[in-house]
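Thanks, everyone. Let's take a quick look at the sheet, the core and the rings.

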Amino acid sequence: MHMIDPFGRTISYLRISVTDRCDFRCTYCMAEDMTFLPKKDLLSLEELDRLCTVFIEKGVKKLRLTGGEPLVRKNIMHLVRQLSRHLDSGALDELTLTTNGSQLSRFAAELADCGVKRINVSLDTLDAEKFHQITRWGNLGKVMEGIDAAQKAGLKIKLNAVALRDFNDAEIPGLMRWAHGRGMDLTLIETMPMGEIEADRTDQYLPLSLLRAQLERQFTLRDIPYKTGGPARYVQVAETGGRLGFITPMTHNFCESCNRVRLTCTGTLYMCLGQEDAADLRAPLRASEGNELLEAAIDEAIGRKPKGHDFIIDRRTSRPSVSRHMSVTGG
Ligand code: SAM
């Protein structure tokens with residue numbers, strides 16, 4: 001039973017934002033004074049498990065928990081443990097998560113024990129002062145402890161850094177050397193116009209084509225076909241021996257190979273990160289104990305997955321392309 005959208009793309013990857021809450025307030029992601037969803041609107045962990053299981057039955061092979069910060073959701077390890085049965089059965093190829101690393105020192109060993117092999121950790125700077133500035137509430141030391149704990153537990157880490165003009169562009173070579181020195185890939189991401197924030201995105205936005213050109217003055221970058229199932233394009237860096245990825249939703253999107261859909265913690269399914277259209281799966285989930293209504297709602301939603309997104313950041317466009325913050329859909 002495969003899910004195939006109108007453009008012939010097979011949907012095999014589900015990302016689940018298990019909470020819209022976060023213990024950081026990254027300036028490009030959230031406003032400082034965010035209003036979060038009332039807890040009563042959230043799907044229970046059992047409901048999230050049921051939804052994920054239906055998606056797996058419909059052909060999803062990779063699940064990623066995200067948020068908000070997935071590790072701040074109460075009892076999240078219960079869900080991870082439950083979902084790991086699909087790894088054991090072979091129905092699922094990969095169970096993973098994207099985290100800011102703040103809670104990793106507590107959870108790394110248990111994640112590994114549940115069959116999680118690789119995780120993404122978001123880290124934009126190695127400078128403690130700047131880290132506090134960009135995350136508003138974060139503590140770099142805690143994140144470093146988390147990375148240490150995860151590596152000790154045997155988890156493979158990929159670092160994700162959002163490239164921000166005049167904030168971390170000069171630091172990327174150092175961040176890359178550090179990541180590669182510790183056996184971690186690094187992926188750079190262009191900032192996307194999602195949700196109202198206090199900062200001006202035009203000032204923050206840095207096209208990765210520019211950053212790549214700057215890096216090529218110091219490093220030898222060789223394009224390689226390496227893929228992790230996402231939109232990143234990778235190069236091998238001769239000087240460090242490591243891999244560097246580029247995610248370029250603004251300058252060059254890869255919607256034609258999109259294999260994913262995104263579920264929020266209230267059961268809303270977004271078929272594209274960059275479009276407003278969505279399908280409510282909570283009502284069919286709660287309407288009956290059987291899964292027929294839910295399966296029909298999923299099929300209907302996949303049937304209207306859009307061709308792609310059209311993010312724009314420029315001085316003439318002051319409103320974000322998408323009104324919801326990244327923390328709602330899950331980055
Ligand atoms: N809290 C987790 C974390 O920090 O990785 C998971 C959720 S966070 C929204 C996922 C990723 O989205 C992070 O790497 C973050 O830097 C990135 N992100 C948030 N807002 C973004 C934006 N407007 N454009 C590009 N990336 C963004």
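Partly exposed here means a relative accessible area between the buried limit, under 20%, and the exposed limit, over 50%. Keep that in mind for Tyr 226: at 26%, Tyr 226 is partly exposed. Note that this is a predicted model.

Stay with Tyr 226. Its ring and that of Tyr 234 have centres 4.9 Å apart and planes at 80°, so the pair is edge-to-face. Tyr 234 is buried, at 2% relative accessibility. Arg 243 lies over the face of Tyr 226, 3.6 Å from the ring centre.

How many aromatic pairs does the structure hold? There are 2. Phe 24 and Phe 131 also form an edge-to-face pair, with centres 5.7 Å apart and planes at 85°. This pair links distant parts of the chain, 107 residues apart. Phe 24 sits in the loop between β1 and α1, Phe 131 in helix α5. Phe 24 is buried at 6%, and Phe 131 is buried at 2%.

Now the strands. β5 pairs in the parallel sense with β4 over 5 bridges, and with β6 over 6 bridges. Val 121 stands opposite Leu 159; Val 162 stands opposite Ile 189. β5, helix α7 and β6 make a right-handed β-α-β unit.

Last, the core. The largest nonpolar core has 101 residues, and those touching the most other members include Phe 55 and Leu 159. Helix α1 gives the most, 7 residues. Phe 55 touches Leu 14, Val 261 and Ile 298, among others.

Terms used
Residues are numbered from 1 along each chain as its sequence is written. This is a predicted model: local features need pLDDT of at least 70, side-chain atom pairs count only at pLDDT 80 or more; totals for chains, interfaces and linings use all residues. Side-chain values use heavy atoms; hydrogens and water are left out. Two strands pair if DSSP finds at least two bridges between them. Helices (H or I, at least four residues) and strands (E, at least two) are DSSP runs, numbered from the N terminus. A crossover is right-handed if, with the strands pointing away from the viewer, the path from the first strand over the helix to the second runs clockwise. A nonpolar core is a set of buried Ala, Val, Leu, Ile, Met, Phe, Trp, Tyr and Cys residues joined through side-chain atoms within 4.5 Å. Buried means under 20% relative accessible area, exposed over 50%, partly exposed in between (1.4 Å probe, protein chains only). Contact means heavy atoms within 4.5 Å. Rings of Phe, Tyr and Trp (its six-membered ring) pair if their centres lie within 6.5 Å; planes under 30 degrees apart count as stacked, over 60 as edge-to-face and the rest as tilted. A charge sits over a ring if NZ of Lys or CZ of Arg is within 6 Å of the ring centre and within 35 degrees of the ring normal. Lists of a residue's contacts leave out its neighbours within four places in sequence.
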